[in-house]
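Subject: Structure handover and findings

Hello,

Here is the structure for your files. My notes on what was found in it follow below.

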Amino acid sequence: MRKRITALRRLMAKEGLSAMLVSDLPNVRYLCGFTGSNGALLVTQRNAWFFTDFRYKEQMKREVRGCRCEMRKRDLYADFPTRHLKGIKKLGIEEAYLSVYRFNLLKRQLRKVRFVPAKGIVLRLRRRKEPSEFELIRKAQAVTDRVFREIIARLRPGMVERDLAAEIEFRFRQAGESAFPAIVASGPNAAMPHAEPSRRRLRSRDVVTFDIGCRYQGYCSDMTRTVFLGKPEPDLAQVYYIVLEAQKRALDAIRPGAKCAEVDARARDYIRGMGYGECFGHGLGHGVGIEVHEQPGLHATAKDRLAPGDVVTIEPGIYIPGLGGVRIEDMVLVTSDGYENLTRSPKRLIQL
């Protein structure tokens, strides 16, 4: 944890920041290890302090590393420990994670301090994963692959989307991991990329999309697979193979230095060339780590380039209203000479 705080200080120096207030809880966790629901981290070039309330007194002792700890009796922002900021002229804040109310509280107490938006600084550190981090992501994905195998082994017509989603989440928790809300979309519902599981019962010849993942010791997995209950409709079978080929083309483009927009274009251009350009409206993928959506983004207007240590999803899809849709999503680690696919679930057309 000390190394991460030291790395943050280097970025702060480049940005001309004397201090930084970290309010976003995933960023707090990354920097000092705290997993509770109320905490903040104040980092200067010499010191770092973690703040929380009485509820987390023992948890703070067990988890927080690399900084001093203080338990606050009142809300941190209403009674800010201004003594730690003597001589500080510029304070970086995570503007996306600080309410207007709390921002105004801080301004009244720190009248001589200039507040500087600094949302992306910690995210830049989180983007490039350490070996210990991608090992946890690899284990999260292994649990996800196993749960998917268990679910499709018992998939039958008559099952209800909501019940399947609840069972998936239960199986993750049974394995000791926290689960994300599962997407289970069948038949025409599969035409909605982020469909909410409904009361719809699965039918013979349905297409069924599963977008599932869990968190293993704080790190996420993310995977999508599309299967068929019986013989698929010819149009959807064709769409499946188009999406699979689009994903393969994008995967073939992954290497250090590759432009994220160009990786996106490899899949998008192929889908467009096959006549389904209007049916693929979301980005190709995103980073994964402590949160299921992190930097970098892979989309048409992305400015980033891939780098070793990035963990990203590759998830092209085609969605046809009234008929259904197909999405295939793998999670990959960018290596020094290419990538490692962390997803082991099969991608062949599965007909149950």
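In what order do the strands of the open sheet of three strands run, and with which pairing? The order is E8-E9-E12, and the pairing is antiparallel.

First, the basis. This is a predicted model, in which local features need pLDDT of at least 70 and side-chain atom pairs count only at pLDDT 80 or more, while totals for chains, interfaces and linings use all residues. Residues are numbered from 1 along each chain as its sequence is written, and side-chain values use heavy atoms, with hydrogens and water left out.

The sheet

Helices (H or I, at least four residues) and strands (E, at least two) are DSSP runs, numbered from the N terminus. Two strands pair if DSSP finds at least two bridges between them. In the sheet E8-E9-E12, strand E8 (183–186) and strand E12 (223–228) are the edge strands, each pairing on one side only. From one strand to the next the twist averages 15 degrees. Four bridges join E8 to strand E9 (residues 207–212) in the antiparallel sense; isoleucine 183 has aspartate 211 in E9 as its bridge partner. Helix H7 (residues 161–174) packs on the sheet and touches E8 and E9, its direction making about 150 degrees with that of E8. Axes here are lines fitted to C-alpha atoms, for helices over the stretch in contact, and angles run from 0 to 180 degrees between N-to-C directions. Contact means heavy atoms within 4.5 Å.

Serine 186 sits in strand E8. Is serine 186 buried or exposed? Its relative accessible area is 0%, so serine 186 is buried; buried means under 20% relative accessible area, exposed over 50%, and partly exposed in between (1.4 Å probe, protein chains only). The side chain of serine 186 makes a polar contact of 2.7 Å with the side chain of arginine 200. A polar contact is a pair of N or O atoms within 3.5 Å; within protein, one must be able to donate a hydrogen and the other to accept it, and residues adjacent in sequence count only if both atoms are side-chain atoms. Not counting residues up to four places away in sequence, serine 186 touches Glu161, Arg200, Leu202, Asp206, Val207 and Val208.

The cores

A nonpolar core is a set of buried Ala, Val, Leu, Ile, Met, Phe, Trp, Tyr and Cys residues joined through side-chain atoms within 4.5 Å. The largest has 64 residues, of which Leu8, Phe50, Ile168 and Phe210 touch the most other members. Helix H6 (residues 131–152) gives the largest share of this core, nine residues. A second, separate core has 38 residues, among them Tyr240, Val263, Leu284 and Val312. Beyond its neighbours within four places in sequence, phenylalanine 210 has contacts that include Phe148, Ile168, Ile183, Met223 and Val227.

Six of the eight residues of helix H5 (residues 120–127) are buried: Ile121, Val122, Leu123, Leu125, Arg126 and Arg127. Their cover includes helix H1 (2–14), strand E1 (19–22), helix H2 (25–32) and strand E14 (294–298).

The structure holds 31 salt bridges, a salt bridge being a side-chain nitrogen of Lys or Arg within 4 Å of a carboxyl oxygen of Asp or Glu. One of them joins the side chains of arginine 126 and glutamate 291 (2.9 Å, N to O). This pair links distant parts of the chain, 165 residues apart, with arginine 126 in helix H5 and glutamate 291 in the loop between strand E13 (285–287) and E14. Arginine 126 counts as buried at 1% relative accessibility, whereas glutamate 291 counts as partly exposed at 25%.

Arginine 127 forms a salt bridge with aspartate 304, with 3.8 Å between the closest N and O atoms. Aspartate 304 lies in the loop between E14 and strand E15 (311–314) and arginine 127 in helix H5, so the pair ties together parts that are 177 residues apart in sequence. Salt bridges with shared partners join Asp24, Arg126, Lys129, Glu291 and Glu294 into one network.

Glutamate 294, in strand E14, counts as buried at 12% relative accessibility. A polar contact of 2.5 Å joins its side chain to that of arginine 126.

Regards
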